[in-house]
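Here's a quick tour of one protein model. Have the sequence and the 3D view open, and let's walk through it topic by topic.

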Amino acid sequence: MTVLEPFGARLRRVMDERGPLCVGIDPHAALLSSWGLNDDIAGLESFTRTSVEALADTVAVVKPQMAFFERFGSRGVAVLERAVADLRAAGTLVVMDAKRGDIGSTMAAYAETFLHKDSPLFSDALTVSPYLGYGSLKPAVDLARESGAGLFVLALTSNPEGGEVQHAVRADGRNVGATMLAHLAGENAGETPMGSFGAVVGATLGDLSSYELDINGPLLAPGIGAQGATAADLPAVFGAAVRNVVPNVSRGVLKAGPSVAALRDAAVRFADEVREAVAGAV
Ligand SMILES: O=c1ccn([C@@H]2O[C@H](COP(=O)(O)O)[C@@H](O)[C@H]2O)c(=O)[nH]1
């Protein structure tokens with residue numbers, strides 16, 4: 001198997017070159033319609049190709065939302081495979097937002113799908129759910145290390161319902177979200193310039209100073225744009241950890257389509273806002 005440089009090192013370099021913004025490709029039916037496309041495989045293909053053309057050499061990271069491709073069955077997944085290949089060929093890192101999580105033996109199959117270098121869906125990183133227990137993710141952690149990929153573990157998600165699980169307090173007094181952050185800090189210990197095992201922490205959550213966000217790894221922060229957070233909120237939410245934040249915006253950029261130039265402009269505008277907010281904070 002070809003082995004890549006570790007994801008954390010590749011991510012740090014592209015963040016330094018292009019800024020830290022991640023743009024999502026989320027082909028919602030409503031967006032297809034607003035772009036004048038049908039909610040079918042041809043519409044999905046056109047939407048995805050246009051998004052890739054606009055974003056591939058513009059932003060550091062692109063995060064396809066797998067659910068919107070799976071909606072169309074195997075033909076939708078084929079569209080996604082091509083998008084992943086085209087983005088990666090342009091030097092853009094792909095974070096596959098598939099939020100996989102299962103018992104360890106099944107998790108191994110998910111890991112093969114997204115983290116084995118020879119898989120058609122190989123992605124630079126994968127979002128995973130630790131709610132079958134952090135240890136159930138071990139096959140994905142191991143294969144990511146072997147292939148130079150990364151993971152983003154759901155720790156403190158951007159949606160208001162997440163607190164029911166993530167704020168639950170354990171016997172040791174630490175809540176579940178904080179426990180996930182501690183596991184990740186362990187995975188990343190000693191890595192330079194940063195580790196490959198990131199957390200998903202919503203940009204919508206307000207002051208997170210009670211959490212140990214310094215996990216020596218990236219923090220994928222969805223919630224900018226349609227969910228109400230702004231780039232200017234990032235320093236107040238993340239404090240000193242803001243330099244490891246990869247803020248995500250999906251609908252906020254995609255609604256500018258179908259013009260490639262307008263999509264690119266929207267992405268550049270968000271990227272500039274993020275760069276300014278982060279520069280002012282560090
Ligand atoms: O906590 C989370 C984890 C993942 N997401 C995903 O990010 C995008 C957000 O899209 P917007 O259009 O910018 O709201 C979407 O794919 C979610 O599934 C999240 O929002 N929050």
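Predicted model: local features only at pLDDT ≥ 70, side-chain atom pairs only at ≥ 80, totals over all residues.

- Most residues other than glycine have a negative phi, and most peptide bonds are trans.
- Lys99, which sits in strand 3 (residues 93–100), has a positive phi near 45°.
- Asn216 also has a positive phi, about 50°, and you'll find it in the loop between strand 6 and strand 7 (219–222).
- Asn216 counts as buried, because it has 20 C-beta neighbours inside 10 Å.
- The Thr192 to Pro193 peptide bond is cis, with omega near -5°; Pro193 is in the loop between helix 9 (176–188) and strand 6 (197–201).
- Going from Gly257 to Pro258, the peptide bond is cis too, with omega near 15°.

**A helix pair**
- The axes of helix 3 (residues 41–55) and helix 5 (residues 73–89) come within 10 Å and cross at roughly 10°, so the two helices are roughly parallel to each other.
- Their contact has 6 nonpolar, 2 polar and 3 charged residues.

**Around the ligand**
- Of the 18 residues around the ligand, Thr157, Ser158, Pro222, Ser250 and Arg251 come nearest.
- Strand 8 (245–249) and helix 11 (251–254) are the elements that give two or more residues to this shell.
- By class, the shell has 4 nonpolar, 11 polar and 3 charged residues.

How values were computed
Residues numbered from 1 in each chain as written. Near = placed C-beta within 6 Å. Helix = DSSP H or I, 4+ residues; strand = E, 2+ residues; numbered from the N terminus. Nonpolar A, V, L, I, M, F, W, Y, C, P; charged D, E, K, R; others polar. Axes fitted to C-alpha atoms, helices over the stretch in contact; angles between N-to-C directions. Parallel < 35°, antiparallel > 145°, perpendicular 65-115°, else oblique. Buried ≥ 20, exposed ≤ 12 C-beta atoms within 10 Å, placed from the backbone.
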